[in-house]
Amino acid sequence: MSDTNEKLGDIIADLNSYIASLPKPEKPKRKQQSVEYINEFINDYLDSEPKPSKTGAMKAYRDAGNACEQKKFHGYYQEQINKR
């Protein structure tokens, strides 16, 4: 049993060393925008997409380097849909 514990300890040490050597994931730096900007973005998205969706709009918005809390964004999205 002692051999098993030593081997397991070696494996754990090797894995910890490997994990420590991996690069840290980068957190994207997104910019906060005004409500007016967000609504304009959503309207542009709705005009340009044949099958628009809340999720697709949120992904496009974040991919463009913008930040907005998901629940708020979906509220803005719904507001724009209701205006149409």
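1. A word to begin with: a residue is called buried when its relative accessible area is under 20%, exposed when that area is over 50%, and partly exposed in between (1.4 Å probe, protein chains only). By that rule, Tyr61 counts as buried because its relative accessibility is 0%.

2. Please keep in mind that this is a predicted model, in which local features need pLDDT of at least 70 and side-chain atom pairs count only at pLDDT 80 or more, while totals for chains, interfaces and linings use all residues. Residues are numbered from 1 along each chain as its sequence is written, and side-chain values use heavy atoms, with hydrogens and water left out.

3. Now look at helix α3, which covers residues 54–63. Helices here are DSSP runs (H or I, at least four residues), as strands are (E, at least two), and both are numbered from the N terminus. Where does α3 hide its side chains? Its buried residues are Ala57, Met58 and Tyr61. Viewed along the axis of α3, they fall within an arc of 100°, so they line one face of the helix; the arc is that of the directions from the helix axis to the C-beta atoms.

4. Just after α3, Gly65 takes a positive phi of about 90°.

5. How many aromatic pairs does a search of the whole structure find? There are 2. Rings of Phe, Tyr and Trp (its six-membered ring) pair if their centres lie within 6.5 Å; planes under 30 degrees apart count as stacked, over 60 as edge-to-face and the rest as tilted. Phe41 and Tyr61 have ring centres 5.1 Å apart and planes at 80°, so this pair is edge-to-face. It links distant parts of the chain, with Phe41 in helix α2 and Tyr61 in helix α3, 20 residues apart.

6. For Tyr61 and Phe73, the ring centres are 5.2 Å apart and the planes at 40°, so the pair is tilted. Together, Phe41, Tyr61 and Phe73 form one aromatic cluster.
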